[in-house]
Amino acid sequence: MQTDRHPGRSSVRRSRAILAAGLLAGLLSLSGCGAGDSASDASSGDSKKAISADERGAAAGKTAQDPQAAGVSSAERKKPDALPAGTHVIRTATLSVEVKSVPKAAAAARSAAESSGGLVAREETERVDDTHEMSHIVLRVPQGEYDAVLRDLAGAGKLLSRTSSAKDVTDQVVDVASRIATQRASVARVRKLMDRAEKLTDVVALEGELSSRQASLESLLAQQESLKDRTTLATITLDLSEPETVTKDGDDDPGFLDALGGGWHAFVTMLRWLAMAVGAAAPFLAAAAVLLLLWRLLPGRLPGRRAPRAPERSESSSTPPAS
């Protein structure tokens, strides 16, 4: 039997082997944890990518369902006063503006309405005096350009008054459309009955019923057209006027020129009245002058008037006395 001569060396080798095994086990455990963390990170990254891809797919699907969504949002940013889809509103406004020149302001208002796609429904212009004019204009502009045109008209001069109103007639539009559909179906049914009618009395009765329902349908169509016109084009009533120039004198007391003007006016008035008096008396004076002339020229021809006789001389007075 052989015994170990160096027991200390063997114990040192065993401790080294145990330490090496412990280090190897620690390295293996650390590598396993790192691999697990990287795998978890990779799986979380893949899940995030999948979620973002799903979100992009959902957004693409929503855009595919509503291809005008982006356009509507941009239009709403440009026009914050745009109405929701399916809303029908009647808009009216009345403006009173004081401007320097009514003809120029009226021409600018007509240009603003026509450039926006509208029209001039009515225009009335009258001259107040020799220097002032007034104009009354009724404009029809599209609903989308209503606010812009209103701002342009109000900024043309001094705004005196402004009144605007908006009436929602969506329910009325929907009701008229529903009644039109019902009335059309009713007219179609009556026409089918007329095609199958055989008796003359039935045909006459059905014709009267058809004409009545057709008249109701035409009335509803007229209401629908009127609503469409008023909801498509807004109405703006514009009153234009010019400022009145008032001249104020610094001194209200009459002066020399005022007295001279008053005297001249009185003198001219007196001459005018004298001329009128002479003109009124001229026929009578002319007739009197003619009568006087005839009386002077024809003294012997007038009845009851004799020519004067010369006095006779006596003989005693004619013979001279004897010396």
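Biologist: Where does Gln143 lie?

Modeller: In this predicted model, Gln143 lies in the loop between β3 and α4.

Biologist: Why is Gln143 called buried?

Modeller: Buried means under 20% relative accessible area, and Gln143 has 15% relative accessibility, so Gln143 counts as buried. Leaving aside residues up to four places away in sequence, Gln143 touches Val89, Arg91, Arg230, Thr231, Thr232, Leu233 and Ala234.

Biologist: Why does Leu297 count as exposed?

Modeller: The word exposed is kept for residues over 50% relative accessible area, and because Leu297 stands at 58% relative accessibility, Leu297 counts as exposed. Leu297 has its place in helix α7, which covers residues 256-297, and Leu297 also belongs to a nonpolar patch on the surface, together with Val290, Leu291, Leu293, Leu294 and Leu298, with about 580 Å² of accessible area together.

Biologist: What makes β2 and β3 a pair?

Modeller: Two strands pair if there are at least two bridges between them, and β2 and β3 (residues 133-142) have 8 bridges in the antiparallel sense, so by that cut-off they are paired. As one instance, Glu126 has Met134 in β3 as its bridge partner.

Biologist: What makes β2 and β4 the edge strands?

Modeller: The open sheet of 5 strands, with mixed pairing, has the order β2-β3-β5-β1-β4, and β2 (119-127) and β4 (158-168) each pair on one side only. From one strand to the next, the twist averages 10°.

Biologist: Which helix lies across β1, β3, β4 and β5?

Modeller: Helix α4 (residues 146-154) lies across these strands, running at about 10° to β1 (89-98).

Conventions. Residues numbered from 1 in each chain as written. Predicted model: local features only at pLDDT ≥ 70, side-chain atom pairs only at ≥ 80, totals over all residues. Heavy atoms only, no water. Helix = DSSP H or I, 4+ residues; strand = E, 2+ residues; numbered from the N terminus. Axes fitted to C-alpha atoms, helices over the stretch in contact; angles between N-to-C directions. Contact = heavy atoms within 4.5 Å. Patch = residues over 30% accessible without salt bridge, like charges linked within 9 Å, V, L, I, M, F, W, Y side chains within 5 Å. Areas by Shrake-Rupley, 256 points an atom, 1.4 Å probe, with all protein chains shown as cover. Salt bridge = Lys/Arg side-chain N within 4 Å of Asp/Glu carboxyl O. Buried < 20%, exposed > 50% of the residue type's maximum accessible area, 1.4 Å probe, protein only.
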